[in-house]
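Work through the exercises below with the sequence and the structure open. Try each task before reading its solution.

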Amino acid sequence: MILLSAENVRAYYFLPQGVVKAVDGINLSLEKGITLGLAGESGCGKSTLVNTLLGSIKPPLRLVEGKILLDGKEISKMNISKLKKDVWGVEVSLVPQSALNALMPTKKVIDFIKDALVQHKKFSDSEILSLAKKRFEELNLDVKALYMFPHELSGGMRQRVVIAISTLLNPKLLIVDEPTSALDVSSQKQVLRTLLDLKKSGIIQSMIFVTHDIAVLRQIADKIGIMYAGKLVELSSTDNILYNPKHPYTVGLINAIVTPEPEVKRRKIMSIPGQPPNLLNPPSGCRFHTRCKFAMDICLHKEPPLLEVEGDTLVACHLFSSSKGG
Amino acid sequence: MVPKMIKELFTIKKLDLSLAIFIGALLVSLIGSMRYSDPLKMVGFPEQPPSREFPLGTDSWGRDLLALLLNGIKNSVYIGATAAAIAWIIGVAIGVISGLRDGLTDEVLMLITNIVLVLPSILIMMLIAAYLKERNTFFVSLVIGLTSWPWVARAVRSQVMSLKEREFIQMSKMAGLNETKIILEDILPNMASYLFMTFVLLMSGAMIAEAGLSMIGLGLTRGVSLGIILYWAQTLDSVRRGIWWWFIPPGLCLVLLTTSLLLLSTALDEYFNPRLKGG
Amino acid sequence: MSWLLLSVDNLTKIFTVGLLRKKEIVAVRDVSFQVDSGKFVSLVGESGSGKTTTAKMILKLIQPTSGKIFFEGKDVTMLNKYQDLKEYWSKVHGIFQDPYASFNPLQKVDRVLYQVFGLIKDQNVDRDKTVREALKEVGLNPEEVLGKYPHELSGGQRQRIMVARCYLIKPKLIVADEPVSMIDASTREGVIQLLSNLRDEYKTSVIFITHDLGLAYYVSDEMLIMYKGQVVERGSPDEVMDHPSSEYTKRLKADIPLLYRKWEGF
């Protein structure tokens, strides 16, 4: 059962210096009950994609083409006020980057919750309190935190609180954008645990986790999508991505990961030469060809389509497309 | 880099508007004061409303109010700019030194700053006015300048204190650059927005301060400024007597000039902030 | 044969905040370690562990509250004369974490390279030629990089320029504070390799500061784990990772997300 689908989505930034094709032809679908990890490095467009999936598109960003369907409803056509009232927080929630710093420093957590919920339904104060308490207990969060100010909580705790608040109304889909990058490893583990609990207890159905850290995705994602320069280059199950990566960029990313494990010790740390392209003027054909050691003639001229290959994997690479030299 | 920055600067509408108003007013006054070179001359009947001969009417001494206004704008802007320059130099110098040094130097400079901040400048000016019977535009600028620098010093100091922790300053230090070079090449250019804005705000504040000083009789003793016109208008009870052409034009001009300066400073802020944050 | 390049003895730094009610923050407490020439020593710790403060003290950007620093046998703790400091910085230099903040945004990137000629003894070198060679050593094309402003280059390129700067100075010791944590993972190894090259070619030692236990494991000759301002564990990478003695190291190790294994209960 498909919960979210993006069909040929193109979202560009129209800036005075030119057009930045941040998301350029993305097709993806997310089933119910699945956690999808979106991995990519700087400038790959994953944060733009996430905002586009929500319908949060403000100038200079514009949806140039494509549609986004959430549970059958066409998000891409709704206006902002309808989205704010009926969709955001209710059907889908986004915890953006550095959300832990977005809590108003002069409001206690419970007051923040009251403000957030009032936008959607008329709750009484006692209803809000009991809902919040119950949810905090479910997620193993100290109920006392409800009466504290944000600065009294640690970074990890703040992030978990933000996640709890954004899922109070049980949205079907939760999208988190780099939720743990600013945290130390122990706080990170706790936040990941909270996200996992949310899913296990059925509070949310599906999750999209955006990060550059594939080792983190390995711990909680069922499927992983790799983005590069505005394009989706590979999409498969976590195991496939780790043990059988197909796209040269995916291979390069996995090989660059440094964890203290014997498997990593055996292969040395590697890197991909060059740097990601400027999306104002991306390379022709396959956007990765300038850094790819397998680049063929066709890679310079023709963009590889995202095709399904063995093992339920989608790859956008001429090494795998059936029409070679086309 | 600089020409490109200037070109981008002029794409902000607020800046174009405010600059146009201010420079327009200044040019008009400069040309006007050349034509009406002796505004204090008695040229007509006293307290005449605006007419074709005297577009802004006359005051109680039969002087042409248009002539007075044009000369007044010129002098008010001069005092504003001079006072701003004096306050700016003192404030920036103290702010930079205080920001860069820890310990005793910083504490002493801040103590001086705080003392000047809380000094009742009106009283000081009254004392000085009592001694100096002749007060020209430079003196008035000096008095205003010497009492309005503290907030600049504090603002500049906090900017410098946060800038000096930035890595590129440490890199210049490790390259062996001496302090003066670091101030001129690394610190001041990266505070350019602050420096411009403080000057513009100082100038607008100084023009209002001049008007205030003049209205209590501590302003210019010779020459005319917007404040002086208002002073005469107020002393001769023009409001109650309905001589609106005496107090409205100078008041309006003062408001126009200071508002355009404030608008300029917000336009500069808008321009500088996204650029300095971006990259 | 290696000899003692740097010796840090009981280094402590206490920050006092507040004017009337002074509060003390002990950022670094009694830290001691040695660095031999041609060695990579890692200081591993999370934010607040005191590793950056230690780095700044070794770089003589902050004065220690107590303790001593010996460089090449000489006590440099109290060094404060301009000439002495210049001499020190020609032998001990730093690379910082944020590749954007390391550059004056209003000046071309060339400046960070040309400004170090004041530290070099030989004043008759052909500066342009030397700069171009240094850029090539770090894998950058001088044509693509010189004359550009910082925002026109990527994070990886900027960090490489910082390493090129070190190629110009050829210091005996580089203190690198999180040199790769703000650049893409897929380009990190390139920058680290450059530091290794400096070590191999010129016997440059590197104090490598990071929060990434895994990274430290692969690059270091010796690892020191810092927690709340103190060194809680030290040893060779294998010793520290395979037989950690401190509870903190054990916890740190257990909380790293691994690639080929899943955490319990996840």
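Two residues are in contact if their C-beta atoms, placed from the backbone, lie within 7 Å. This is a predicted model, in which local features need pLDDT of at least 70 and side-chain atom pairs count only at pLDDT 80 or more, while totals for chains, interfaces and linings use all residues. Residues are numbered from 1 along each chain as its sequence is written, and chains are lettered from A and ligands numbered from 1 in the order in which they are written.

**Exercise 1.** Find which pair of chains has the most contacts.

Solution. Step one: 2 pairs of chains touch, and the most contacts are between chains A and C. Step two: chains A and B do not touch, and their nearest C-alpha atoms are 11 Å apart. Step three: the predictor gives the complex an ipTM of 0.89 and a pTM of 0.85.

**Exercise 2.** Describe the side of chain B that touches chain C.

Solution. Start with the count: 16 residues of chain B are in contact with 22 residues of chain C. Next, locate them: helix α8 (residues 167–174) of chain B gives the largest share of this side, 7 residues. Helices (H or I, at least four residues) and strands (E, at least two) are DSSP runs, numbered from the N terminus. Finally, sort by class: this side of chain B has 6 nonpolar, 6 polar and 4 charged residues. Ala, Val, Leu, Ile, Met, Phe, Trp, Tyr, Cys and Pro count as nonpolar, Asp, Glu, Lys and Arg as charged, and the others, Gly among them, as polar.

**Exercise 3.** Check the span of helix α6 (residues 155–169) of chain C.

Solution. The expected span is 1.5 Å times one less than the number of residues. The 15 residues of α6(C) should therefore span 21 Å; the end C-alpha atoms are 22 Å apart, which agrees. Just after α6(C), K170(C) takes a positive phi of about 50°.

**Exercise 4.** Give the strand order of the open sheet of 6 strands in chain C, and name its edges.

Solution. Two strands pair if DSSP finds at least two bridges between them. The order is β6-β7-β8-β3-β9-β10, with mixed pairing. At the edges are β6 (92–95) and β10 (230–235) of chain C, each pairing on one side only. Strand β9 (residues 222–227) of chain C runs antiparallel to β10(C), and 5 bridges join them. Y227(C) stands opposite Q230(C) in β10(C).
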